[in-house]
Amino acid sequence: MKKKEQYDSLDFSRTGVWKYTLTAFFFGLFFPLFAWTFFLLSGNMPFSPENIIKLHNTRILMYLVDTVPFILALTAFLISGKFKNEQHNIYRQLLTKENLITEYSGYVKKIGNGEYKDIENLHFDDELGKSLAEMKDNLLSKSISEEKQKWISDGKNLTDEILRKHNEIKPLSYEILTALIEYINAVQGIFYVYDDEKQKLVSVSSYAYGRRKFLQNEYSLGEGLVGQASYEKAVIFRKNLPGNYLTVTSGILGEKKPESIIIMPLIGDEKIQGAVEFAFLKNTIPENTILLFEELSEIIGQNLFNIKANTTTKKLLQDSRKLTEELRKNEEELRRNAKQMEKTQKELEKTNIELAKKISEVEQGQKRLHALLENASEVITIYDEQGIVQYVSPSVKNILGFEPDEMIGVNRFERGDRILKDVFADLLKNPEKERTFEYRYTDKRNRRLWLETTGRNLLNNPAINGILFNTRDITERKEAETAKRLSSEMQALSENSPDMIIRMGLDGTFFYANPTTEKFIGISPKSLTGNNINNTDINDSVKQFILSLTNETEKELKEIQKETVFNINNEKRIVQFNAIPEFDEQNNLNTILFVVHDITERKQIELELENKNKNITESINYAQRIQSAIIPDFDIVKRYLPESFILYRPRDVVSGDLPWFYVTDEEIYIAAIDCTGHGVPGTLISFIAYFSLNSILNQNTKMTAAEILDELHIRVRQTLKQDSPDSKARDGMDIALVKINYNKNKLEFAGAHRPLFFLRGEKLSRYKGDRMSIGGKSVASRRGAKEEKFTNYEIDIAKKDKIFIFTDGLPDQIGGKDGRKYQAGRIRDIIIEKNNFSMKEYYDYFVRDFEQWKGNYKQIDDILFIGVEF
């Protein structure tokens, strides 16, 4: 208004123009008046023609002068009009700019105060206005984004406060549920936790459900919206729910049907840990609600995973206690059996093997305790009536390792799955029945799995038209059942264990110590827990040993066992430290569990056994040197029988099998002797056989092979005092004895339970030995009858003839694919098949064949095999 008044004060109106025009006109009148006065005064000039002309010209000039006021007035009128229009335009421009500046000032003030929503969407054509509008839009967008982030942050802080308060799932889930429902303005909610044993999402808390009996409490992964969100590990939002929603597998019910739902999966350790479902009466929800859930998904899920991990740790500790107690019992059993193990080397070896097995079982059990369960899906298989696979789901590759194409069109039952075949036959016979069964299965990767299969006869169902098998891998559940049983006893085991059990971090901080710790190191568990090892009163040597073992375990990342000496109750004791590394979810070393066991008594027993074992071993080695002295030198045998071999392999250091060789002026004697027993007992009997045979021939070289065995039988019985009526000794030997006379080309053979194979060309003849042994009591003698004599076989020999004698060690050896005996028939077949072999080739072949046959089986008896070619 002030500017308007200033403008009006400027006299450029129409009246003002005339005022300036008249002023110029009156001012112009002075000029003609002045000119006419001068002209009149000059009228006294002399009258002359020249003056008349001048006067005339002067008048003309005067008339022109008279027009000057009008010219000045017209000029003033035109100039003032032009100036008036230009000034009016300038004013309007200034007024418009001032109004814009006033309007911009208010706009900027509202922007500065954050009143974005109160600002109208003004349309500016100039650059300043456009810039202000763009600035307002940017600030408004940033303000909205900050409000969303603050709302999300407040929601996370609210959730974090609840998570910090609880270490049990039930109260945690309910408080999380109620707090979030209020925070996001939902009306209903339900909290699911993934059950690793059931492999399902199980409802643990709900809010505002009027008809709970209609609420579905469990879901498998991929089942319904809850299962789908968990399987995909993504937040799911649904609106415009169908009219029959109350029966849909989402589980949301109520007196009033919700308009929309949102499902948040809970993810921890990259696995599904649970899910939360919320219902809204509105058809839409803010975008920041979904963003909040996406961030809370891992926060809540990781917390659930930590709670489960803590529960699992407690169970593992209980299992460890039980295993330690079992180890203690095994050691007690070892002490009780110590005297019995002193008797023979064989018993000592057996006990050591059993102890090693027990230790291995403990180690394997500890490894199994750290195994985690894996999720598994079902394999759907459809068979026709002949058992041919018509369809198999793609999940068969992950579970069983087969491609679907490998199974379709194949008769599954030809693989030998007997239980599947029986169930299949039963389903064909009883189509109304449904069968569920468990069985072991070896998949394509040669893994032994536990499978659970449910079979139904759907041949009459047009959509299936076959026998339907739903199979899932329950190996983890089976292993979990075993782990659960073991872990339930581990806590009590640790507290009552006679071993010292401590858990220590990599920085030396103690997290746990059982009561026995005080007995070992003289410091109470309460004084250790929570303190660093360097700040405790532990003996320096013990402290350095623990720290050294910690560094070695951290480097090797595997269990380490070491022994040291502790001063327990002023007595030096030998202890065994077991350092067991413990890893977190990312497989990083987290803590080390030390199990310290007093092995002083065991070491003393081991030392005693070691000394006794040393004495026994020295005695056995001495017996072996003696036996080696009576075994014939193979070079000497080769001198008299160039084409021959002796395959001799004792099972132990000393042997009950003995090759015997004796030469006179006319005959050569060779025998394969199999004495009763193995090792030292068999060796003692072999000494009796050796010296008795030598003594017989030294006294009489004219005896037949059978007569030699008759005399040997008598001497063995006399030596072992078996000829007395009350003797119970059954010791003796089996023998195949050959007497060769090259001058007469004759061969004599007599056998006690041992045969002779005679090969001429491609024909093999078998001469059976008599069914009685050397030594002991025969059936006839036990009945009081006269004992039978041994049979003497006389055989003509020619060049290239071959003979073979052997003990029962080679035929009785277990091996091959089916774990069967080598058998004498196999020896016979090889001799016939390889009839053109030399003795060396026979020897090499039988050595290789024996090793291949034996494979990983142990040698069960002494082996003696002799071959001669004439």
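Predicted model: local features only at pLDDT ≥ 70, side-chain atom pairs only at ≥ 80, totals over all residues.
Let's zoom in on one pair. Strand β20, that's residues 733-741, runs antiparallel to β21, residues 746-752, and six bridges join them.

Now, the nonpolar cores. Which residues touch the most other members of the largest core? Those are W660 and I673, out of 55 residues in that core. The helix that gives the most to this core is α21, residues 679-699, with eight residues. Setting aside its neighbours within four places in sequence, W660 is in contact with quite a list, including Y669, I673, Y690, L693, L697 and L737. There's also a second, separate core of 27 residues, and I184, A186, I300 and L304 are among them.

While we're on helices, a bit of background: an α-helix has 3.6 residues a turn, so residues three or four places apart point the same way.

Here's a loop I'd like you to look at, the one between β4 (236-239) and β5 (260-268), where L241 lies. Is L241 buried or exposed? It's buried, because its relative accessible area is 12%, under the 20% cut-off. L241 and S260 are 19 residues apart in sequence, yet their C-alpha atoms are 6.5 Å apart in space. Beyond its neighbours within four places in sequence, L241 is in contact with K257, P258, E259, S260 and I261.

Last topic: charges. Side chains of opposite charge can pair when their charged atoms come close. In this model the count comes to 34 salt bridges, and I'll pick out a few.

R651 and D652 meet in one, at 3.2 Å from N to O. Both ends are partly exposed, R651 at 28% relative accessible area and D652 at 32%.

Then there's R717 with E787, where the closest N and O atoms are 2.9 Å apart. This pair links distant parts of the chain: R717 is in helix α22 (residues 705-719), E787 is in the loop between α23 and β24, and they're 70 residues apart. R717 counts as buried at 13% relative accessibility, whereas E787 is partly exposed at 23%.

The next pair is D849 and R826, with closest N and O atoms 3.1 Å apart. D849 is in helix α25 and R826 is in helix α24, so the pair ties together parts that are 23 residues apart in sequence. D849 is buried at 9%, and R826 is partly exposed at 29%.

And to finish, salt bridges can form networks too: E438, E452, R472 and R477 are linked in one.

Conventions. Residues numbered from 1 in each chain as written. Heavy atoms only, no water. Helix = DSSP H or I, 4+ residues; strand = E, 2+ residues; numbered from the N terminus. Buried < 20%, exposed > 50% of the residue type's maximum accessible area, 1.4 Å probe, protein only. Contact = heavy atoms within 4.5 Å. Pairing = 2+ DSSP bridges. Core = buried A, V, L, I, M, F, W, Y, C linked by side-chain atoms within 4.5 Å. Salt bridge = Lys/Arg side-chain N within 4 Å of Asp/Glu carboxyl O.
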